[in-house]
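Here is a short tour of a few residues and how they sit among their neighbours. Have the model open and follow along.

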Amino acid sequence: MKGAVSFQPADGATELDPAQAEVLVKPSGGDASLKSVTVQADGGDAVPSTLDGGRLSIKPGTLKTDSRYVITAVATVNHRDAPATEETQTSAFSTATTPHVVATNPLSVGPNQSVVVMLQPAAGAVDVEGPVRSELGPDGLTITVVPETFKQGETYSFSVTAKNRKGIAGTPQSISFNTLPPATAEVYPGRGSTNMGVAIPMTLTLSAPPADKSDFVTHLAVTASAAPPPATGTGSCAGFGNPAVSAGSVPVSFSWTTDRRVRLTPKTPDGYWPAKSTIAVSARLSGVQTTAGNVFASDINSSFVTADKRVIDVDLTNQRLTACRNGVQDRQFLISSGAVAHPTYTGTFYIYSRVADEEMKSPEGPFAPDYYDIKHVPWTQYFDGGAALHGAWWHNNFGHPMSHGCVNVQTPTENKQWPKATPEAEYLWNFDYLGDPVIVHGVTPGLAASAQPSD
């Protein structure tokens, strides 16, 4: 009791059970009467209530757990020898603390994996409603949850009503988690790709690493349609012809370039895909599991079509490029490879990217002695990191090393100084495509053979 007003529960009361706690506010003496009473939760709305018979009563079951309530009462006090006065009095109490969900981990699960719901403080019992099975841990601090029926790519929602050690239940708490979507694989080159070079790498990129890489590759098979007649090649294109390859199964080797990407390399006589052929991959992946726990939901079939066997032969010694088609020379012309300070690397490569109008910058900063920034580099075809076949309109010294490692080719495009230059870069752009082999050999003039860089 405080002054003219009596409060129940008593001021400062804690851990009250809302199911049993009754709020009662009334005058404490015959000279007082209640003018108004509000019962307010901290940070919340007022509890609906009205004065009835000069007093306020809130029945058990109205209040919520985990709350602090403040009662503010305004009383009119009548005095025998003085005017009536008003008194404002307050009282505060709190209800029982119940377990609350503080974390859910993980938020996505695969088959046979569980979600752990963490509680604070410990629960004496929990009621879980939803399409899940659950078990409260012996310490009362965790609930282990699994879907009743697992399905990939679904959201499972459920509610938890937790009781504290005294058996007082809190309010329902909504929780959800996801199951991992089906595993996926992306095949490169993509389905329906045409005009591919015979050195194009076939790769499968997975959404997650397979649980067993050795087993995974046993689910892959590659076939090829009939290839063109074999040709051994002549002249500068000798050795770049088409070997005899039968239609049907193509033996391949597998190499994991990352945990999620596997490369398929043909074990053909020349190490390339058969020319003029449909290359098809069949991946029987349905049910194959990943390290994340999800599985592939279906098999994958894809194919691409190769073109003629087009090979670009770059002779550093003679600064000459030869374009070969099925072992026959298509065209030959002078080029400018990397200068002695930035030589072009020798090795076997393939065209992996094409940009018709490129801007080329040196990796060094703008204050480096040999910094360059060239805009509108035409007909650029990358084959070795930053090294590319491309048109060069800024010089006319073909037949001599001039570049920072690229293979410069004559072009009239953007060429204001030599507008009648032979359109060799344009020819290459139309002759080549992604996956065409680029063979670089020889010795850069002025660079000793022992110092010649190689891939």
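In this predicted model, Asn242 is found in the loop between strand 18 (220–224) and strand 19 (248–249). Its relative accessibility is 7%, under the 20% limit, so Asn242 counts as buried. The side chain of Asn242 makes a polar contact with the side chain of Asn326 at 3.1 Å. Beyond residues up to four places away in sequence, Asn242 touches Pro228, Pro229, Pro230, Ala231, Ala275, Lys309 and Asn326.

The loop between strand 18 and strand 19 also holds Cys237, while Cys324 lies in strand 25 (residues 320–325). Which hand does it have? The torsion about the S-S bond of Cys237 and Cys324 is about -85°, so the disulfide is left-handed. Because of where its two ends lie, the pair ties together parts that are 87 residues apart in sequence.

Now for the cysteines and their burial:

| Residue | Relative accessibility | Class |
|---|---|---|
| Cys237 | 0% | buried |
| Cys324 | 0% | buried |
| Cys406 | 10% | buried |

Let us turn to another loop. Ser67 is found between strand 4 (56–58) and strand 5 (68–77), and at 18% relative accessibility it counts as buried. A polar atom of the Ser67 side chain lies 3.0 Å from the backbone oxygen of Thr65. Leaving aside neighbours within four places in sequence, Ser67 is in contact with Phe93, Ser94 and Thr95.

Technical notes: Residues numbered from 1 in each chain as written. Predicted model: local features only at pLDDT ≥ 70, side-chain atom pairs only at ≥ 80, totals over all residues. Heavy atoms only, no water. Helix = DSSP H or I, 4+ residues; strand = E, 2+ residues; numbered from the N terminus. Buried < 20%, exposed > 50% of the residue type's maximum accessible area, 1.4 Å probe, protein only. Polar contact = N/O pair within 3.5 Å; in protein donor to acceptor, adjacent residues only side chain to side chain. Contact = heavy atoms within 4.5 Å. Disulfide = S-S within 2.5 Å.
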